[in-house]
Amino acid sequence: MEEAGPAGGGPGRRGRERRAAAGDPRAAEDGAAGGAARPRRAAAFPPGFSTSEIKNRQRRHCMFTRWKLQQRKEKLAAKKKLKKEREALGDKAPPKPIPKTIDNQRVYDETTVDPNDEEVAYDEATDEFASYFNRQTSPKILITTSDRPHGRTVRLCEQLSTVIPNSHVYYRRGLALKKIIPQCIARDFTDLIVINEDRKTPKVLLAVPHEVELVRRGKDPTEHIPEIILNNFTTRLGHSIGRMFASLFPHNPQFIGRQVATFHNQRDYIFFRFHRYIFKSEKKVGIQELGPRFTLKLRSLQKGTFDSKYGEYEWVHKPREMDTSRRKFHL
């Protein structure tokens, strides 16, 4: 009884290989015939096709994979067709549609600041940060930590002291904030930054970093006063937070140092970056990140000096009440 199959040099794959090695011209004909029979056309699914009607799980998964592949091919073909039409029309082509994102679909906030609003201008001229912007007060920053800080927190404090001019690092040594704040006022410190720890991860008072990365690429920052960029702080609360960050830096930047500190707000997350821009030519400019980098999330805002027991809160983040929509932002 013979075995079924191409063992003896029949039309199978092994037989074609043997005949090709022997120089038999029939191998090319068989290969062409076999190659013509292999391609399978993807099944065209009807418009109302739904994989949920298929009871068999493996069959359902297979059909869903084929359906997704067909959808991807149709989308790519439509994109290529639209590109050819735009190239054919040239300057007469219609403008590209703006893609929908969470940022441009943001729910309108009634406290959004109008640059020409007289009430906002008056509030900014009389708030607690007005003396900094009028250059009547020079900021002097005290940076401290929690008790027994770890190495990562110590390095963050040291790097912050190189980023913020006229800042000084002092370790906590078991003192309570109620005792530290009067000493700061007596020594003419204008701001206090407390960096606590949670599972050996640095946490900044009032604004909690979700991500802290200590970056030192290239040279260290110089002692020049950097420029400040505040981006996308659009509401009244956002303006207050932006002015608070800006008050940490003197308002006479030294442009010769080419250093920039950026606070970028996106979806209520504040990203901090510190760069130096480098002129490569008259038209090209590169940037060099100096670090550190971290992401902040506002939890609360108090009036006056921080007091955990009797402090008056201007704003408190309440997730169950405020985070009902992904398109609702507060800064």
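Accessible areas come from the Shrake-Rupley method with a 1.4 Å probe, and for residues only the protein chains shown count as cover. This is a predicted model, in which local features need pLDDT of at least 70, side-chain atom pairs count only at pLDDT 80 or more, and totals for chains, interfaces and linings use all residues. Residues are numbered from 1 along each chain as its sequence is written, and side-chain values use heavy atoms, leaving out hydrogens and water.

**Exercise 1. Surface and burial**

State what area the protein exposes and what percentage of its residues count as buried.

Step 1. Buried means under 20% relative accessible area (1.4 Å probe, protein chains only). Of the 331 residues, 31% count as buried.

**Exercise 2. The largest nonpolar core**

Find which residues touch the most other members of the largest nonpolar core, and which element gives the most to this core.

Step 1. A nonpolar core is a set of buried Ala, Val, Leu, Ile, Met, Phe, Trp, Tyr and Cys residues joined through side-chain atoms within 4.5 Å.

Step 2. The largest such core has 28 residues, and Ile 241 and Ile 270 touch the most other members.

Step 3. Helices (H or I, at least four residues) and strands (E, at least two) are DSSP runs, numbered from the N terminus. Helix α6 gives the most to this core, with four residues.

Step 4. Contact means heavy atoms within 4.5 Å. Leaving aside neighbours within four places in sequence, Ile 241 is in contact with Phe 233, Ile 270, Leu 298, Leu 301 and Leu 331.

Terms used:
Buried < 20%, exposed > 50% of the residue type's maximum accessible area, 1.4 Å probe, protein only.
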